[in-house]
Amino acid sequence: ALRKVGRYAGGMMGITFLSVMLMQVDKLVLSRLLSLEDYGVYALATVVAGALFTLVAPITQSWFPRLNQLQVEGDKVALAQNFHLGAQMVSVVMGSGAVFMIVFAEPVLRLWLNDPDLARQAAPLLRLLALGNLLNGLMWIPYHTQLAHGWTSLTISLNIAAVALVVPAILSVTPHYGAQGAAMIWAGLNAFYIIVGAQLMFRRILPAEKWRWYAKDVALPLLAAINAALLVAWLRPVSENAAAEAGLLLASGFLVLVASALASGQVRRKILSLAAGLT
């Protein structure tokens with residue numbers, strides 16, 4: 001029994017180890033390259049941007065058993081449908097949160113910290129780190145689909161390449177661009193996963209679904225969220241009252257979420273179906 005699962009379990013251990021390295025290596029290197037003040041601002045932005053993972057984790061954790069079941073049953077049609085629904089859920093929920101965080105980074109930080117200067121310093125870092133985390137989160141459903149097929153070697157290979165590239169990149173970029181350089185590397189690394197990693201996955205798994213994933217699962221919900229966020233940011237009045245500002249930001253985030261959900265075909269139909277069942 002152990003021999004049957006040994007390779008898969010070993011692959012999962014390797015992925016976990018490399019993922020932890022990727023998530024922490026920037027902090028280890030930057031703690032030596034930046035001043036304590038600059039590192040503190042970077043750490044603050046990292047914590048805030050990391051909240052996005054709390055939005056995607058429940059989706060992927062609930063989707064993985066279903067993806068695994070459909071793969072074992074050999075139901076490719078249902079597997080593709082669930083893949084797209086899960087991917088659109090991630091784009092709507094995490095994508096809306098990330099777009100909101102990017103567009104409204106400074107007012108959100110200013111409201112939370114009550115320190116305009118610190119919010120101004122951390123906002124550019126938060127935008128880049130939130131973008132990187134969003135690109136990372138978009139790959140979670142494809143990643144869990146790989147695991148449902150028992151395929152761990154692709155993620156291990158990509159993570160090994162990433163670990164080998166990230167440290168030299170941070171060492172070369174940070175002296176010139178500071179903490180923003182490291183944040184740009186994180187965003188660029190996850191763009192690499194979206195562009196290269198997804199291409200390699202779709203060669204072997206669900207090859208006919210690749211462009212549907214890029215266009216309908218990722219692009220449409222995110223474009224709707226971006227347009228809504230920019231429009232709301234343009235129309236939103238600025239309030240000096242903290243409670244009023246919090247209310248305006250909550251309303252803005254809700255509108256961004258609604259716009260993204262309406263642009264996502266499968267999520268929209270699922271919401272309408274649930275609403276019809278309640279009436």
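Two residues are in contact, or touch, when they have heavy atoms within 4.5 Å of each other. With that in hand, take Leu 138: leaving out residues up to four places away in sequence, Leu 138 touches Val 90, Ser 91, Ile 194, Trp 213, Val 218 and Leu 222.

A quick word on where this comes from: the model is predicted, local features need pLDDT of at least 70, side-chain atom pairs count only at pLDDT 80 or more, and totals for chains, interfaces and linings use all residues. Residues are numbered from 1 along each chain as its sequence is written, and side-chain values use heavy atoms, with hydrogens and water left out.

**The cores**

Leu 138 turns up again in the largest nonpolar core, which has 71 residues. A nonpolar core is a set of buried Ala, Val, Leu, Ile, Met, Phe, Trp, Tyr and Cys residues joined through side-chain atoms within 4.5 Å. Buried means under 20% relative accessible area, exposed means over 50%, and partly exposed is in between (1.4 Å probe, protein chains only). Which members of this core touch the most other members? They are Tyr 42, Leu 126, Leu 138 and Trp 213. Another core, of 9 residues, lies apart from it, and its members include Phe 104, Ala 229, Val 232 and Val 256.

**Helices side by side**

Helices here are DSSP runs (H or I, at least four residues), numbered from the N terminus. Helix α6 covers residues 116-138, and its axis comes within 4 Å of that of α7, crossing at roughly 35 degrees. These axes are lines fitted to C-alpha atoms over the stretch in contact, with angles running from 0 to 180 degrees between N-to-C directions. On the α6 side the contact is made by Asn 136, Gly 137 and Leu 138, and on the α7 side by Trp 140, Ile 141 and Pro 142. By class, that contact has 4 nonpolar, 2 polar and no charged residues. For these classes, Ala, Val, Leu, Ile, Met, Phe, Trp, Tyr, Cys and Pro count as nonpolar, Asp, Glu, Lys and Arg as charged, and the others, Gly among them, as polar.

Ala 130 also sits in α6. Is Ala 130 buried or exposed? Ala 130 counts as buried because its relative accessible area is 0%. Beyond residues up to four places away in sequence, Ala 130 touches Ala 49, Leu 52, Ala 98, Met 101 and Ile 102.

Over in α7 you'll find His 144, which counts as buried because its relative accessibility is 14%. With residues up to four places away in sequence set aside, His 144 touches Thr 60, Phe 64 and Leu 67.

Leu 248 belongs to α11 and is partly exposed, because its relative accessible area is 25%.

As for α5, its buried residues are Ala 105, Pro 107 and Leu 109. The cover over them includes α2 (36-50), α4, α6 and α11. After α5 comes Asn 114, with a positive phi near 55 degrees.

**Pockets and a cavity**

Grid points are joined across faces, edges and corners, and a volume is the space filled by probe spheres set on the points.

| Space | Volume |
|---|---|
| Largest pocket | about 610 Å³ |
| Second largest pocket | about 410 Å³ |
| Largest cavity | about 40 Å³ |

The largest pocket is lined by 25 residues, and the closest to its centre are Ile 15, Ser 19, Asn 136, Trp 140 and Tyr 143. The largest share of that lining, 6 residues, comes from α1. The lining of the largest pocket has 14 nonpolar, 11 polar and no charged residues.

For the second largest pocket, 18 residues form the lining, with Gly 97, Phe 100, Met 101, Val 108 and Leu 250 closest to its centre. Here α11 gives the largest share, 6 residues. The lining of the second largest pocket splits into 15 nonpolar, 3 polar and no charged.

The largest cavity is lined by Leu 22, Val 25, Asp 26, Val 166, Ile 170, Ala 182, Ile 185 and Trp 186. Helices α1, α8 and α9 each supply at least two residues of this cavity lining.

Methods: On a 1 Å grid over the protein atoms alone, a cavity is a set of points where a 1.4 Å probe fits but cannot get out, and a pocket is an open set with protein on both sides within 12 Å along at least five of seven lines; lining residues have an atom within 4 Å of a point.
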